[in-house]
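Take a look at the fold below.

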Amino acid sequence: METIDQKQLEDLQSKGKKILVQYTAAWCGPCRALTPKLANMSNSFSDVDFVKIDVEENPEITQELMISSVPTVIVYKGNEIIDRSRGVQPDHYYKEILNNL
């Protein structure tokens, strides 16, 4: 999963892309466990961009979205937030959301 910044996310959104963003931090143990699960899942969803944003390196978007814990996963369709979850969810949770995009 590529790590991007707020500007890169806005570029993807402006193109109407389907995006799963893992808001993360380098010190976050659950984030390190979630990343390979999502990266593996990305192989089954070629029409969805799977990316990460470091909350400490992107405080503006973190504050704007009121992200208070990591990992937080937000699924977008363009600029629209389709789903938002905190913590690590079971694989089927993410797959169901992505299948319904």
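A salt bridge here is a side-chain nitrogen of Lys or Arg within 4 Å of a carboxyl oxygen of Asp or Glu. By this rule, the count in the protein comes to 3 salt bridges. Keep in mind that the model is predicted.

## Overall build

The protein has 4 helices and 5 strands. Along the sequence they follow the pattern β-α-β-α-β-α-β-β-α. The radius of gyration is 12 Å, close to the 13 Å that the globule rule gives for 101 residues, so the protein is as compact as a globular protein of that length. The C-alpha trace spans about 30 × 30 × 20 Å along its principal axes.

What share of the residues is buried? Buried residues make up 46% of the 101 residues. Contacts reach across the sequence, too. Of the contacts with a separation of 6 or more, 65% are between residues 24 or more positions apart. The protein exposes about 5500 Å², and carbon and sulfur atoms supply 46% of that area.

## Charges and salt bridges

The protein carries 11 positive and 15 negative charges.

| Positive residue | Negative residue | Closest N and O atoms |
| Lysine 7 | Aspartate 11 | 3.2 Å |
| Lysine 18 | Aspartate 47 | 3.0 Å |
| Lysine 37 | Aspartate 91 | 3.2 Å |

Start with lysine 7 and aspartate 11. Both lie in helix H1, residues 6–14. They are 4 residues apart, about one turn of the helix. Lysine 7 is exposed, with a relative accessible area of 52%. Aspartate 11 is partly exposed, at 32%.

Next comes the salt bridge between lysine 18 and aspartate 47. Lysine 18 lies in strand E2 (residues 18–24) and aspartate 47 in the loop between helix H2 (29–41) and E3, so the pair ties together parts that are 29 residues apart in sequence. Aspartate 47 counts as partly exposed, at 45% relative accessibility.

Then there is the salt bridge between lysine 37 and aspartate 91. Where do its two ends sit? Lysine 37 is in helix H2, and aspartate 91 is in helix H4, residues 91–99. The pair links distant parts of the chain, 54 residues apart. Both ends are partly exposed: lysine 37 has a relative accessible area of 29%, and aspartate 91 has 31%.

## A buried lysine

Now turn to lysine 52. This residue is in strand E3, residues 48–54. Is lysine 52 buried or exposed? Lysine 52 is buried, yet has no salt bridge. The nearest side chain of opposite charge is aspartate 54, 8.0 Å away. A salt bridge needs the nitrogen within 4 Å of a carboxyl oxygen.

Which residues does lysine 52 touch, leaving out those up to four places away in sequence? They are Met1, Glu2, Thr3, Ile4, Gln22, Thr24 and Thr35.

## A buried loop residue

Valine 55 sits in the loop between E3 and helix H3 (59–64). With a relative accessible area of 12%, valine 55 counts as buried, because buried means under 20%. Its contacts, leaving aside neighbours within four places in sequence, are Tyr23, Thr24, Ala25, Thr62, Ile67 and Val70. Thr24 is also among the residues that lysine 52 touches.

How far is valine 55 from tryptophan 27? The two are 28 residues apart in sequence and 11 Å apart in space, C-alpha to C-alpha.

Key
Residues are numbered from 1 along each chain as its sequence is written. This is a predicted model: local features need pLDDT of at least 70, side-chain atom pairs count only at pLDDT 80 or more; totals for chains, interfaces and linings use all residues. Side-chain values use heavy atoms; hydrogens and water are left out. The radius of gyration is taken over C-alpha atoms; the globule rule is 2.2 Å times the number of residues to the power 0.38. Buried means under 20% relative accessible area, exposed over 50%, partly exposed in between (1.4 Å probe, protein chains only). Contact means heavy atoms within 4.5 Å. Accessible areas come from the Shrake-Rupley method with a 1.4 Å probe; for residues, only the protein chains shown count as cover. Lys and Arg count as positive and Asp and Glu as negative; His and the chain ends are not counted. The place of a charge is taken as NZ of Lys, CZ of Arg, CG of Asp or CD of Glu.
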